[in-house]
Amino acid sequence: MSEAWNIRFGTAGTSDSFAAQGYKSSLDVPEYTAKMGLNAFEYQCGRGVRLGLDKAARMAALAAQRDILFSVHAPYYISMSSLEEDKRLNSIQYLLQSAAVCRALGGRRIIFHSGSCGKQSREAALEKALDTMRRAVAALDEAGFEDMTLCPETMGKVGQLGTLDEVLTLCGVDSRITPCIDFGHLNARTLGGIQTKADYAAILDRMAEVLGDDRARQFHVHFSRIEYSAGGEKRHWTFADTQFGPEPQPLMELLAQRQLTPVVICESAGTQAEDAQTMQQMYCAARNV
């Protein structure tokens, strides 16, 4: 990641305003994203990798004209920690499929959920995930995807593998693995643990301490307000739903003050683009841009 790298703001999928403005096709995504003043888009393959490579290449050409960077969210049913080996091996295939689409889109980052702990200890689940991650890196290299970046995501439910430290441990498998820090998820699984600027700073400090390289500055961000219960995440809301946290302003101030340059992807429920704009404005104000 030595090339020039700037902070980017974008969305996970399209806002309700995409259709409201008359857009219909995924080929319209680059034009819509640029119109909203954003320069990143995370293509959602949560229910399976269904985007054809030819169409993805057409999207990439349209995005390149507008300096829009694609990433891909891999299928939700990936389980790197499953007790069943075939599920872990299938997870590697899903990552390979995601890598092919990501490359066709001109992107490099593949975001994925590591899985749940199930009927095993967190330690045992993490060991299985680490083994699967090593195999996945080898499989990607063998298939010619050594330029792709795997991004394990922090998760919102207490029973899921995906605390901050678990994700950072997975990043230790290879220097290319970059964390996807979902601050809404971390807030949900800690039952409201992100309340202040210092809480955000502690997360950023921990990343820097463990990774100690560009990955702690050029990481991937998911952000939304999330409702939670005793088990963690319940559902995503919008920035207008201020009864749910966490607050975006302190994070944007820290990113500006520390000159960090992540890809910031908004996952609000239906207002992703509008809320991504809000974060971008907060960041620019903090930078006095």
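Helix α5 (residues 122–142) contributes most to the lining of the largest cavity, supplying three residues; helices here are DSSP runs of H or I with at least four residues, strands are runs of E with at least two, and both are numbered from the N terminus. The model is predicted, so local features need pLDDT of at least 70 and side-chain atom pairs count only at pLDDT 80 or more, while totals for chains, interfaces and linings use all residues. Residues are numbered from 1 along each chain as its sequence is written, and side-chain values use heavy atoms, without hydrogens and water.

A cavity is a set of points on a 1 Å grid over the protein atoms alone where a 1.4 Å probe fits but cannot get out, and lining residues have an atom within 4 Å of a point. Volume is the space filled by probe spheres set on the points, which are joined across faces, edges and corners. Two cavities of 30 Å³ or more are found by this rule.

The largest has a volume of about 60 Å³, and its lining includes Val137, Leu140, Asp141 and Arg176. By class, this lining holds six nonpolar, no polar and four charged residues (nonpolar: Ala, Val, Leu, Ile, Met, Phe, Trp, Tyr, Cys and Pro; charged: Asp, Glu, Lys and Arg; polar: the others, Gly among them).

The second largest cavity, with a volume of about 50 Å³, draws most on strand β3 (residues 69–73), which gives three residues to the lining. Trp5, His220 and Val263 are among the lining residues, and the lining divides into four nonpolar, two polar and two charged residues.

Notes
1 Å grid on protein atoms, 1.4 Å probe; cavity = no way out; pocket = protein on both sides within 12 Å on 5 of 7 lines; lining within 4 Å.
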